[in-house]
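Keep the 3D view open as you read.

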Amino acid sequence: MKQPNAIPNALAVTTVIIYVLCRVLVGLFPDISFAIAQSWFHGIEISKSGAWNLTMSSFLLGLISSTITAWIVGYIFTKVYRSFVKKS
């Protein structure tokens, strides 16, 4: 692969798209969003923790931190993948 950051960059952009879409859907459908989130956390009753915090600052913090995390995961994945490819 000639562009070593192609996978991390693609994963980061994908995360931005999914994160923004998720934020829009939570704003439009808060009840079903709580139900889905609860199912992802093995039934933990998250609705008792309060309402969604849909402020711009929480949105930006989540967007930035998830994008950075996705890029790091993509970078590590690429390094590990290449090490396996070289061995075969």
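**How two helices pack**

In this predicted model, α1 and α3 are roughly antiparallel to each other (an angle over 145 degrees). Their axes cross at roughly 150 degrees and come within 8 Å; these axes are lines fitted to C-alpha atoms over the stretch in contact, with angles running from 0 to 180 degrees between N-to-C directions. By class, the contact of α1 with α3 has 14 nonpolar, eight polar and one charged residues, with Gly counted as polar and Asp, Glu, Lys and Arg as charged.

Now follow α3 itself, a helix in the DSSP sense (a run of H or I, at least four residues).

Which residues of α3 are buried? They are F59, G62, L63, T67, A70, G74 and T78, where buried means under 20% relative accessible area with a 1.4 Å probe, protein chains only. These buried residues pack against α1 (6-28), contact meaning heavy atoms within 4.5 Å.

L60 also sits in helix α3, but L60 is partly exposed, at a relative accessible area of 40%. Its C-alpha atom is separated by 20 Å from that of P8, 52 residues apart along the chain.

Residues are numbered from 1 along each chain as its sequence is written, and side-chain values use heavy atoms, leaving out hydrogens and water. Local features need pLDDT of at least 70 and side-chain atom pairs count only at pLDDT 80 or more, while totals for chains, interfaces and linings use all residues.

Note on methods. Buried < 20%, exposed > 50% of the residue type's maximum accessible area, 1.4 Å probe, protein only. Parallel < 35°, antiparallel > 145°, perpendicular 65-115°, else oblique.
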